[in-house]
Protein chains: 2
Amino acid sequence: MLRSIQRLRRHALEIMDAAISAVAPESAVKRNLRLKKNILCAGEHELDITRFRRIVVVGAGKASAAMARAVEHELGDRISDGLVVVKYGHSVDLKKVRIKEAGHPVPDIEGLKGAEEVLSMLDGCGEGDLVISLISGGGSALLPMPANGISLEEKQKVSRILLACGADIHEMNAVRKHLSKTKGGLLARAAYPATVVNLMLSDVVGDDIDVIASGPFVPDRSTFADALKVIERYNIEQDMPEVVIKHLEMGTDGAIEETPGLGDPVFDRVVNMVIASNITACRAALEKAKDMGYNTLVLSSMIEGNTVDVAGVHVAIAREIIRSSMPVEAPACIISGGETTVVVRGDGLGGRNQEFALYSAGLISGLEDDVVIASLGTDGTDGPTDAAGGIVDPLTESRGRKRGLDLNHYLDTNDSYHYLSTTGDLVKTGPTLTNVMDIHLVLVASGSYLK
Amino acid sequence: MLRSIQRLRRHALEIMDAAISAVAPESAVKRNLRLKKNILCAGEHELDITRFRRIVVVGAGKASAAMARAVEHELGDRISDGLVVVKYGHSVDLKKVRIKEAGHPVPDIEGLKGAEEVLSMLDGCGEGDLVISLISGGGSALLPMPANGISLEEKQKVSRILLACGADIHEMNAVRKHLSKTKGGLLARAAYPATVVNLMLSDVVGDDIDVIASGPFVPDRSTFADALKVIERYNIEQDMPEVVIKHLEMGTDGAIEETPGLGDPVFDRVVNMVIASNITACRAALEKAKDMGYNTLVLSSMIEGNTVDVAGVHVAIAREIIRSSMPVEAPACIISGGETTVVVRGDGLGGRNQEFALYSAGLISGLEDDVVIASLGTDGTDGPTDAAGGIVDPLTESRGRKRGLDLNHYLDTNDSYHYLSTTGDLVKTGPTLTNVMDIHLVLVASGSYLK
C-alpha cells in the first residue's frame, strides 16, 4: 500500500506541475501572441505592425514582469518603450521594458508613481501607436491612482469599509472604479486613439474581465449613481470620507466625466483577451491525467465557499468513486479550481490550500483504498507561508499521530502548516510568478491498478 | 425563455419523482424479498420457508409499517406474528403485523413499550423460527430501551451532552450502544438461534449498517472501554448521570456482558441487507435523466457540510457546464445526495433543502442560460415545514423582488420557506413514508435544446 500511495502522490504532483506550467506567464503569452513576419497575431486578431509608429508595453500585476519577458522575446527591439508595475520581489530581467516595484496588497507611493507614469505614457500615445497591456492579479493595488482630491489613505479607508459591510465584488468595484483615474476603462480612455492589445491573466472566479485588476481597459458596467446606491444600500455614508461622497455626487451631477461604458468609442481599438485563467490550468491537468491513464473530470474552475465544506464535497466524491465507481471509475482524477475562504478561528499558520488538505486528511484517514488529495495555490504561495499547499493520503493522520499531533486541534487553530510540515505533506514550489487561484486534485486508484 | 425553464422544472420534478419512487419502502422490499414457491429469495440468499415453524416480523423506523405492508404482500398468511414501531401518524393498513406508534425524535413511553414487546417476541424465537426485521431511519429513537437501572431521561441527557460536546456519530454510538438493551447487535442476541433477515432502509451517509438505527442486528465495533474513552476524551464525566458512568465501568470490569462484536456466533444466522439508500435514489435519477436525453453524472451520495457552501459548489458546476461544457455537456443533469447542515442564524422557517434552493437562486439569478436547481428531502419533509424542499431558476430572485422580497434577508434569517412559498418555488410531496436523506439536482440546458 505504501508504495502505491507514493506513486499516486507523485502522479498528483506531476499533474499539478502540468496545470501550473500551462498558466505560466511565458507560456500564456506565447500561446496568444505571435509575430509572423510583420503580422502580430493576438488570438484571432492580426495586426500589421509596420502600420505602427511605436509599440508601447504597459502593465501591472504580480505576473506582469514575467509576461513582459515573453513579449520582449516575441517583439524584441520593436518595442519602443514600456513600464510594468509589479509587487516587490517580482522583477525579472528585461531588456526594453522598465519595471517599477510597488506595494501589494496595500498600495504605496511607489505604486502611485508607477500609475502616474503609465497614465502619462498612455496619454502620449496616438493613433499610430500600439499599446500592449499586461494585466494580472494584484494589478488593481499596484496601479493606485485616486481621483482628484482624494488621497490614497482615503481610498483605502473606503475599501476597508466596503469589505466590512459585506458588499460583493461588483458593488465594491462600482464604488472603487468611480474614485480612480485608472480603473473602469480609464486607461483605455487615456490610450485612445491608440490600438490596444490587453492581455489578462485572470485571478478572479469566472474571469469577468471588468473585475480583473478592476478592468483598466474594459467597459465599466457601473455608474456614479450605482456607486452612491451601494453606499446607501449598506448605510455607510456617515463612515465615508466627506470628499468621497462629494466626488460621487459631483459625478452623478455630471460635473465629473463618467467612466466609459459598453459602446464607448474609446474601446473601438481595444482588444481584451484573457490569456490564462483557472480553467486553463484545469484543462492542462485534465490532459495530463488522461495521458497518465486516469479517468478524469473537471468539476468546475469556479469553486468558492468555506474551505472545509468544499474539501468535504471533494472527499465525498472520492468515497463514491471507491464505493460505486461514480462519477467516474478508478483510476480517477477529479480536478477543480477556484478560491475558497478560510474561517479564521485560531492564530496558527496556514493557508486555504493547506487547510483544504488537512481537513481532507482527517476525512480519508484510514481508508484502505488509495486516495490522494492535493490543493495548491498556482502562485506558489498559500497564505503567509512558504508552501504552495498540501498533499495528503489515508496515512497522513497516522503519521501525525505517531509524532503526537492531534489533527483536529491543528484544524481548530488554523495551524495546517505546522501539521503538514511535520507529516511531510506540504508542497513547496517557490513563487511561480503566475496566479490563477487554486487547483484541487482528487486521485483514487483501485488497489489492483497500482499494487 | 420562460417556457423552456418551465419545461426544465418539470423535468427536474419528474427525475426527483423517479428517485423517490425507487426508494419507496414497497419497491425497496419488493426488489429484495421475493417468494418463489416455497423459496424466499432475500438478495442472494435463498431460504426454504417450509423449514421454519414460524415467521415473525419486527421492525422500527419511520418507514417500517410501509415496509411491513410489502412483506405482507409477499408472505401473507405465512406470517405468524409481528410488530413494528413507527412514528406517530406513520401507520398504514396491515393484516398480520401489528403497529405501535411512538415518539420521534424524542423517545417516549410508547416506544419503550414497543421495544419491550419486540424484545420479548425475539426472546421467544427459537432455532425453527424466521425473523424478518424491517429497520429504517428513526428506528433508534423508536426502540428506546435503556440498560438496567438507567432511565429514558438519563439516556436522553447523555445524547444531548454527546451532541453538544462535538462527538462524532461513531463516538456517540459507542456510548449509546452500551447503555441500551436493543442497539449494537443486542436484538440479534435476543433472536438467536432464530434465522434473521434484517432489511434496512438507510438514512445515514455512507450506509454503515452499524449506524443505521444503531445496528440492532449488526456486530458492534465498539466496547464498554471505548464508551468510557469517549467520555474521557471530551471531558464530560462530571456532566454524565452517575448511574451511566457506573454502568459503563461495570461493563468494562466484565460485570455486564459486552455487546456482540464481529465473529460473535449470534450473527451466524443473521443476513443484513441495505435494501435502499441514497445511492439507490441517485441511480434512479441518473437512469431517468438519461432516458430523457440528459448528459448525467452522480457526483456523490455522501455529500455533507454546510448547506450554502455545498449549494455553492453545485452552482459552480452549473456555471462551468454553461461556460465550457465540463464536467458534462448541456443538456446536463448533475445529481448528488446526502445530508447537509444548516447554520442557524435567524428564527425563520425552512429546512436544509429549502435553504439549498434559496441560496442557489441568489447565485444563478439573472443567468441567461436555462438552469434549474432542486433539493428535496426524500421523506417529503424538510425541516419543520410541509414542504419537501425547493426548486429554483434564474428568474426566482426577480419573482421575489417583484413581490418586495430581499433574498439575502430571507437567507440571513433562515426563512427560506416564506421566500420560496411567495415565489412559487416550494416543492410539496407530502410524507413519502421513506427516508434516504436528500437529493440535489442541477439541470442545465443550452438554449437551442429547449427553445
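Residues are numbered from 1 along each chain as its sequence is written, while chains are lettered from A and ligands numbered from 1 in the order in which they are written. Because the model is predicted, local features need pLDDT of at least 70 and side-chain atom pairs count only at pLDDT 80 or more, whereas totals for chains, interfaces and linings use all residues; side-chain values use heavy atoms, with hydrogens and water left out.

When the copies are superposed by least squares on the C-alpha atoms of residues with pLDDT of at least 70 in both, chain B can be laid on chain A with an RMSD of 0.1 Å by a turn of 180° and a shift of 0.0 Å along the axis. The two copies are thus related as by a two-fold rotation axis. Of the interface residues of chain B, 100% are also interface residues in chain A, so the copies meet through the same surface.

That surface can be described by its contacts and by its area. Counting contact as heavy atoms within 4.5 Å, 27 residues of chain B are in contact with 27 residues of chain A. The size of an interface is often given as the accessible area lost when the parts come together. Taken as the accessible area (1.4 Å probe) that two parts lose on being put together, summed over both, the buried area between chain B and chain A is about 2400 Å², of which carbon and sulfur atoms give 61%. Three residues, M302(B), R323(B) and M326(B), supply 24% of the area that chain B buries against chain A, more than any other three residues.

The interface also holds polar and charged pairs. With a polar contact defined as a pair of N or O atoms within 3.5 Å (within protein, one must be able to donate a hydrogen and the other to accept it, and residues adjacent in sequence count only if both atoms are side-chain atoms), 10 residue pairs, both members at pLDDT 80 or more, are in polar contact across the interface of chain B and chain A. Where a salt bridge is a side-chain nitrogen of Lys or Arg within 4 Å of a carboxyl oxygen of Asp or Glu, the rule finds two salt bridges across this interface. In a salt bridge with an N to O distance of 2.7 Å, the side chains of R323(A) and D207(B) meet.

Helices (H or I, at least four residues) and strands (E, at least two) are DSSP runs, numbered from the N terminus. On the side of chain B that touches chain A, the elements giving two or more residues are α11 (278-291), β10 (295-303) and α12 (307-324) of chain B, and α12(B) provides the largest share, nine residues. By class, this side has 14 nonpolar, six polar and seven charged residues, where Ala, Val, Leu, Ile, Met, Phe, Trp, Tyr, Cys and Pro count as nonpolar, Asp, Glu, Lys and Arg as charged, and the others, Gly among them, as polar.

D129(A) is found in strand β7 (residues 129-135) and, at 0% relative accessibility, counts as buried; a polar contact of 3.3 Å joins its side chain to that of R54(A). D93(A), by contrast, sits in the loop between β5 (81-87) and β6 (98-102) of chain A and counts as exposed at 70% relative accessibility. V243(A), in helix α10 (residues 242-252), is partly exposed at 25%; V243(A) and G149(A) are 94 residues apart in sequence and 7.3 Å apart in space, C-alpha to C-alpha.

The backbone geometry deserves a last look. Most residues other than glycine have a negative phi, and most peptide bonds are trans. A cis peptide bond, with omega about 0°, joins A330(A) and P331(A), and P331(A) lies in the loop between α12 (307-324) and β11 (332-338) of chain A. The peptide bond from Y192(B) to P193(B) is also cis, with omega near 10°. K37(A), which is not a glycine, has a positive phi of about 55°, and S325(B), likewise not a glycine, has a positive phi of about 60°.

Conventions. Buried means under 20% relative accessible area, exposed over 50%, partly exposed in between (1.4 Å probe, protein chains only).
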